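Here's a quick tour of one protein model. Have a look at the picture first, then read on.

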Amino acid sequence: MRIKLKNRNDIFLLKLGGSLLTDKNKPFSIREDVIKSAVQQIIEANERLILIHGGGSFGHPLAEKFSISKGFDTSIPNQILGLTETHQSMNNFNSYLIDLFLEKKYPALSIQASSIFIKDSFTISTQSIDIIETALDLNILPILYGDIILDKKGSFSIISGDQIIFELCENLKKYQISKVVFVMETDGIFINDEDPKQKSIKLATKLYLGDLENIDLADLGQKIDVTGGIQGKINSIKEICKYNIPVQLINGLKEGYIFKSLKNEMINCTNILIN
Ligand code: IP8
């Protein structure tokens, strides 16, 4: 896929998955080499983008322990404290990332989703998208992350990195998103071979939105996190494609892939194209 940035107001949204950046089996564990390489590639590419990262072992174990995504429940001991601890844990993780950019003298700014988005039962709203746009105007890299979200009805939930992306697709006005890139620890979406006798799986390198309806997903035995798994990712892609924005799923463990994606170079990955 070759998508040229058309004008200086075109941007990429890049999501670094939590299971790529952390060891999901060990709470609060960072995959240092992977994160450092991702940061280095983003700096070297030096493109205008918004970076979003997931929770991994900093967000999901706590969110699960206190059933944060189910909302306020007085029967769960210390749930409100757990809510704030979940946020703080994500904040610490995010600080680690921000520091890596600043150490390399690259201006990155942490923007907390829990401070700029609010829920009203099912709908999420924001009055603060201009903060992100103004940061972009100043050539600052805005970094958002999966977080807790408060609900005006006196409750709360989790806002995942993917939900943040939908909100950005919906609300950014001054900047056009030319591509959303999900950086994961697999090459993309694997499907079963058309010939069932083959019993083999293959990487879907090029898909259209319509293909996602009846996709024959290969079972890679991937763990489900509190906000989704691969089927959740497909639902996210469908949502993003509604805004006519192409999506790319790439492997963050492959050397140079993040850089190449940001430079629109060819890589072995899944591209979801707009019809
Ligand atoms: O990893 C979840 O974000 P995600 C964030 O993008 C928390 O789903 C706090 C669990």
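This is a predicted model: local features need pLDDT of at least 70, side-chain atom pairs count only at pLDDT 80 or more; totals for chains, interfaces and linings use all residues.

Residues are numbered from 1 along each chain as its sequence is written, and side-chain values use heavy atoms, with hydrogens and water left out.

**Salt bridges**

- Side chains of opposite charge can pair when their charged atoms come close.
- The whole structure has 10 salt bridges (a side-chain nitrogen of Lys or Arg within 4 Å of a carboxyl oxygen of Asp or Glu).
- One of them joins Asp162 and Lys233, with N to O at 2.8 Å.
- That pair ties together distant parts of the chain, 71 residues apart: Asp162 sits in helix α7 (residues 161-171) and Lys233 in helix α8 (residues 229-241). Helices (H or I, at least four residues) and strands (E, at least two) are DSSP runs, numbered from the N terminus.
- Asp162 is buried at 9% relative accessibility, and Lys233 is buried too, at 14%. Buried means under 20% relative accessible area, exposed over 50%, and partly exposed in between (1.4 Å probe, protein chains only).
- Lys15 joins Asp162 and Lys233 in a network of salt bridges.
- Another bridge pairs Lys242 with Glu239 at 3.4 Å, N to O; here Lys242 is exposed at 59%, while Glu239 is partly exposed at 28%.

**Cysteines**

- How many disulfides does a search of the whole structure find? It finds zero, a disulfide being a pair of cysteine sulfur atoms within 2.5 Å.
- For Cys169, the nearest cysteine sulfur belongs to Cys241, 9.5 Å away.

**Helix α2**

**Backbone angles**

- Phe28 isn't a glycine, yet its phi is positive, about 60°; Phe28 lies in the loop between α1 (18-21) and α2 (32-45).
- Lys105 also has a positive phi, near 60°, and counts as exposed at 73%.
- Just after α2, Asn46 has a positive phi of about 50°.
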